[in-house]
Amino acid sequence: MSALLRLPVTAVATQLYGVNATGGIVGKKDGTPIEQLVWNYGNYQEDGHDGFDQGAEPGTTVFPMQGGHVDFAGLGENMPKWCADKWAFIFGPDGWATGNGILVDHSAIVGFPFGTYYAHGRRVLVASGQQVGINTPIMLSGGVPGEPGAGRSGGAHVHTSAVLLDRVYVARNWGRVDPLMYLPEGWSIPTAPGSTGAPATENDNLIAGISGLSK
């Protein structure tokens, strides 16, 4: 059985796992795209993007990729310390800067310590401690800069990360892994032109469960 069973929204992938590493990059206001990223947001993804983004329209309903227990739902700076420690987030007012987020622990269902989180929500639809299924609406997407709940976002999208919960302090990217690798093998996932690093073409798409592109 695949650990994850669905995409959180139906929308093209706009930023993939592991891209845009900021390690060693000096921010420049008018520099390259990665230099501008560091200028605007700091060196917050030294080892690359820790999940994948989908360009969902604001207000799109977001679903969990697997059923499980909601460890936290709300603004990241309000996350309790036990949860921040479990998921390897910074605790307190200087903590998770990605606005409204949902953290779902799937461990009891998938049989190993594993969870997913979803960021930049316009509105949270579930509560901390709630059990959810794959068809439970958990939040409405946002990510519009300046909008309450958007956090550190440059445009409307849903961010999703998968986390090996027993590896957050010993593995790359604090245990964050590519969610697409835990979907059923062979799923075709549309991407925004050029977002895979290939030439900008509407025919590019990702294949879940395995590495690489199909054209």
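A salt bridge is here a side-chain nitrogen of Lys or Arg within 4 Å of a carboxyl oxygen of Asp or Glu. Under that criterion, Arg 122 and Glu 147 form a salt bridge in which the closest N and O atoms are 2.6 Å apart. The model is predicted: local features need pLDDT of at least 70, side-chain atom pairs count only at pLDDT 80 or more, and totals for chains, interfaces and linings use all residues. Residues are numbered from 1 along each chain as its sequence is written, and side-chain values use heavy atoms, with hydrogens and water left out.

**Overall composition and confidence**

- The protein has 3 helices and 13 strands, taken as DSSP runs numbered from the N terminus (helices H or I, at least four residues; strands E, at least two).
- Of the 215 residues, 49% are buried; buried means under 20% relative accessible area, exposed over 50%, and partly exposed in between (1.4 Å probe, protein chains only).
- The accessible surface amounts to about 9,800 Å², and carbon and sulfur atoms contribute 53% of that surface (Shrake-Rupley method, 1.4 Å probe; for residues, only the protein chains shown count as cover).
- Of the contacts (heavy atoms within 4.5 Å) between residues at least 6 apart in sequence, 63% join residues at least 24 apart.
- Mean pLDDT, the predictor's confidence in each residue from 0 to 100, is 82, and 74% of residues reach 70 or more.
- Residues 197-201 stay under 50 in pLDDT, and the model gives them 10 contacts beyond four places in sequence. Residues 211-215 are also below 50, with 15 contacts beyond near neighbours in sequence.
- Where pLDDT is low, the predicted coordinates should not be read in detail.

**Salt bridges**

- The structure holds 4 salt bridges.
- Lys 86 and Asp 71 meet through their side chains at 2.7 Å, N to O. This pair links distant parts of the chain, with Lys 86 in helix H2 and Asp 71 in strand E4 (residues 68-75), 15 residues apart.
- Lys 86 is partly exposed at 27% relative accessibility, whereas Asp 71 is buried at 4%.
- Asp 71, Lys 86 and Asp 105 are linked in a network of salt bridges.
- Lys 81 pairs with Asp 85, the closest N and O atoms being 2.8 Å apart. Both residues lie in helix H2, 4 residues apart, or about one turn of the helix.
- Lys 81 is partly exposed at 47% relative accessibility, and Asp 85 is partly exposed at 35%.

**Aromatic pairs**

- There are 5 aromatic pairs in the whole structure; rings of Phe, Tyr and Trp (its six-membered ring) pair if their centres lie within 6.5 Å, with planes under 30 degrees apart counted as stacked, over 60 as edge-to-face and the rest as tilted.
- Trp 87 and Tyr 117 are edge-to-face, at 6.3 Å centre to centre and 70 degrees between the planes. Trp 87 is in helix H2 (residues 81-87) and Tyr 117 in strand E6 (residues 114-124), 30 residues apart.
- Trp 87 is buried at 0% relative accessibility, and Tyr 117 is buried at 2%.
- Trp 87, Phe 89 and Tyr 117 form one aromatic cluster.

**Nonpolar surface patch**

- Tyr 169, Val 170 and Trp 174 make a nonpolar surface patch of about 380 Å². Patches are made of residues with over 30% relative accessible area and no salt bridge, like charges being joined within 9 Å and nonpolar side chains (Val, Leu, Ile, Met, Phe, Trp, Tyr) within 5 Å.
- Val 170 is found in the loop between strand E9 (158-164) and strand E10 (176-177) and is exposed at 58% relative accessibility.
- Tyr 169 is exposed at 52%, and Trp 174 is exposed at 51%.
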